[in-house]
Amino acid sequence: MMNWFNSIEFLDPQMFWLLLAMPVAIAWYIWTHRRQQAQVQISSLKGFKVETSWLANLRPLLFILRLIVLALIITALARPQTTDVTTKTKKTEGIDIVLAVDVSASMLAEDLKPNRLEATKKVAADFIKGRPNDRIGVVVYAGESYTKTPITTDEMISLRAINEIAFDGVLENGTAIGMGLATAVNRLKDSEALSKVIILMTDGVNNSGFIDPKIASELALEYDIKVYTIGIGTNGNAPSPVAQIGRNKFRMAMMPVEIDEDLMKQIATDTGGKYFRATNNKKLEEIYGEIDKLEKTEIEEFKFINTEEKYRILVLIALGFLGLEMLLRYTIFRTVA
């Protein structure tokens with residue numbers, strides 16, 4: 001019931017100013033009612049039988065009914081309405097996206113906080129959460145590559161794949177950019193999506209694998225796949241792992257940051273994408289935000305508005321109270337002074 005009242009809107013709310021007439025009507029009724037009372041002054045009631053008529057005490061009920069009728073008519077004049085809005089969403093084929101993440105040992109460098117790999121995982125997860133209408137897959141690569149998860153509309157699967165990424169020694173160490181890109185292309189080549197995109201992230205140079213990055217970029221171009229490339233790492237030197245001294249423990253030393261930016265720019269240019277350089281966490285977030293704006297799934301939203309007038313029921317109730325008032329006035333209260 002409360003939801004019903006909350007959904008009511010009034011087309012002419014200025015009509016409620018007429019309610020100010022009600023206090024005036026009440027004051028007028030009280031003043032005229034007193035003047036209509038006949039008074040007889042006698043010295044004593046002794047010898048008279050005093051009886052009080054209950055009908056006389058209930059006669060103000062007629063005036064109350066008139067006030068109710070007035071309030072209902074004014075409310076009806078304010079044009080109460082309920083509006084039901086139905087939304088229908090129509091989207092395009094959407095965008096299929098593969099995130100190709102470098103998981104080589106150098107991604108543990110601490111120029112991004114807490115390190116490059118964890119910073120990449122965080123912004124990638126936020127990116128996935130902001131793409132509910134797209135299919136997203138994850139590829140990881142170091143000295144070789146493999147598919148962490150194929151493209152899927154299940155956000156939880158993609159997020160789990162990102163969260164599980166770690167430098168665990170499963171892949172041969174190194175940076176096989178060509179293999180990482182080729183694996184991502186393989187995941188998208190049969191896609192029928194309106195747009196196919198790869199976001200390729202690395203912090204080094206291509207020094208492993210048996211697929212040349214230029215060949216992989218030509219494959220991407222052949223399958224109409226756009227590649228955005230991101231070079232991760234600060235300018236100059238960064239604290240990087242130089243030796244493993246235990247499980248998930250590394251000896252760190254300042255090492256020069258080497259990213260093959262010419263190659264990354266060439267891959268992006270050849271496929272119609274764009275190259276970015278993430279030198280810190282904030283810059284990495286901004287890059288993903290820019291890619292998110294560049295690759296938008298078009299969504300059409302249709303709204304169907306159904307408006308239902310509610311004044312009729314108020315008028316009918318008012319007529320009912322008016323009929324009751326007239327019935328009482330000319331029957332029960334007819335002989336009441």
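This is a predicted model: local features need pLDDT of at least 70, side-chain atom pairs count only at pLDDT 80 or more; totals for chains, interfaces and linings use all residues.
**Stop 1: the open sheet**

Start with the six strands whose order is β5-β4-β3-β6-β7-β10; together they form an open sheet with mixed pairing. Select β5 (145-152) and β10 (275-278) to find the edges: each has a single partner strand, so one side of each is left without a neighbour in the sheet. Averaged over the sheet and with direction ignored, neighbouring strands are turned by 15° against each other.

Five bridges join β4 and β5, and the pairing is antiparallel. To see one of the facing positions, pick Tyr 141 and look across to Ser 145 in β5.

**Stop 2: a helix across the sheet**

Which strands does α5 lie across? They are β3 (95-102), β4, β6 (195-202) and β7 (225-232), and α5 runs at about 170° to β3.

Show side chains to view the contact: α5 brings Ala 119, Thr 120, Lys 122, Val 123, Ala 124 and Phe 127, while α10 brings Asn 281, Leu 284, Glu 285, Tyr 288, Ile 291 and Asp 292. Coloured by class, these residues come out as seven nonpolar, two polar and three charged.

**Stop 3**

Step back to Asn 280, in the loop between β10 and α10. Is Asn 280 buried, partly exposed or exposed? Its relative accessibility is 34%, so Asn 280 counts as partly exposed. Draw a C-alpha to C-alpha distance from Asn 280 to Leu 112: the two are 5.3 Å apart in space, although 168 residues separate them in sequence.

**Stop 4**

Select α7 (177-188) and helix α8 (residues 213-222). Their axes are 8 Å apart and meet at an angle of about 20°, which makes α7 roughly parallel to α8. Here the crossing is left-handed. From α7, the contact uses Ile 177, Gly 178, Leu 181, Ala 182 and Val 185; from α8, Pro 213, Ala 216, Ser 217, Leu 219 and Ala 220. How many residues of this contact are charged? There are none: the contact of α7 with α8 has eight nonpolar and two polar residues.

**Stop 5**

Move to Thr 175, in the loop between α6 (155-163) and α7. With 5% relative accessibility, Thr 175 counts as buried. Leaving aside residues up to four places away in sequence, Thr 175 touches Asp 102, Ser 104, Tyr 141, Ala 142, Gly 143, Thr 202, Val 205, Asn 206, Asn 207 and Ser 208.

**Stop 6: a hairpin to finish**

Last, select strand β8 (residues 237-246) and strand β9 (residues 249-256), an antiparallel pair joined by eight bridges. Asn 237 has Pro 256 as its bridge partner in β9. Then follow the hairpin to its turn, where two residues lie between the strands and Asn 248 takes a positive phi near 60°.

Technical notes. Residues are numbered from 1 along each chain as its sequence is written. Side-chain values use heavy atoms; hydrogens and water are left out. Two strands pair if DSSP finds at least two bridges between them. Helices (H or I, at least four residues) and strands (E, at least two) are DSSP runs, numbered from the N terminus. Contact means heavy atoms within 4.5 Å. Ala, Val, Leu, Ile, Met, Phe, Trp, Tyr, Cys and Pro count as nonpolar, Asp, Glu, Lys and Arg as charged, and the others, Gly among them, as polar. Buried means under 20% relative accessible area, exposed over 50%, partly exposed in between (1.4 Å probe, protein chains only). Axes are lines fitted to C-alpha atoms, for helices over the stretch in contact, and angles run from 0 to 180 degrees between N-to-C directions. Angles under 35 degrees count as roughly parallel, over 145 as roughly antiparallel, 65 to 115 as roughly perpendicular and the rest as oblique. A crossing is left-handed if the near helix is turned anticlockwise from the far one by less than a right angle, and right-handed if clockwise.
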